[in-house]
Amino acid sequence: DRRIAMFSVFGMTCSACAGSVEKAIKRLPGIHNAAVDVLNNHAQVIFHPKFVFEDQIRETIEDAGFEAVLIQ
Ligand code: 9UX
């Protein structure tokens, strides 16, 4: 059982920002993959909804210092 979520992530100004967002997301349980695109301000996350939910992922991005909005 997998779900895909797309977030807009604001405040990333270099590729190291994207790396730290990816790393933070991947530390959560139930994350299959996280791909952060600094140019388009997007983060796509594939996850197992039995272990983690969209809002926990969104809060993790915010805790890493960025603003995140679930767009899809
Ligand atoms: Mo780049 Mo981002 O020098 O938090 S890592 S701006």
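Helices (H or I, at least four residues) and strands (E, at least two) are taken here as DSSP runs, numbered from the N terminus. Two strands pair if DSSP finds at least two bridges between them. The structure is a predicted model, in which local features need pLDDT of at least 70, side-chain atom pairs count only at pLDDT 80 or more, and totals for chains, interfaces and linings use all residues. Residues are numbered from 1 along each chain as its sequence is written.

The description begins with the sheet. Four strands form an open sheet in the order E2-E3-E1-E4, and their pairing is antiparallel. Strand E2 (31-37) and strand E4 (67-70) stand at the edges with a single partner strand each, so one side of each is left without a neighbour in the sheet. On average, neighbouring strands of this sheet are turned by 25° against each other, direction ignored; axes are lines fitted to C-alpha atoms, for helices over the stretch in contact, and angles run from 0 to 180 degrees between N-to-C directions.

Individual pairings can now be followed. Strand E1 (residues 3-10) is joined to E4 by four bridges in the antiparallel sense, and Phe 10 has Glu 67 of E4 as its bridge partner. E2 and E3, also antiparallel, are joined by six bridges, with Ala 35 opposite Gln 44 in E3. The hairpin of E2 and E3 has four residues between the strands. Asn 41 lies in this loop and has a positive phi of about 55° although it is not a glycine. Asn 41 counts as partly exposed because it has 18 C-beta neighbours inside 10 Å; a residue is buried with 20 or more other C-beta atoms within 10 Å of its own, exposed with 12 or fewer, and partly exposed in between, C-beta atoms being placed from the backbone.

Helix H1 (residues 15-26) lies across E1, E2 and strand E3 (42-47), running at about 165° to E2. Helix H2 (residues 54-63) packs on the sheet and touches E1, E3 and E4, its direction making about 160° with that of E4.

Finally, the ligand is surrounded by Thr 13, Cys 14, Ala 16 and Cys 17, where a residue is near a molecule if its C-beta atom, placed from the backbone, lies within 6 Å of it.

How values were computed:
Contact = placed C-beta atoms within 7 Å.
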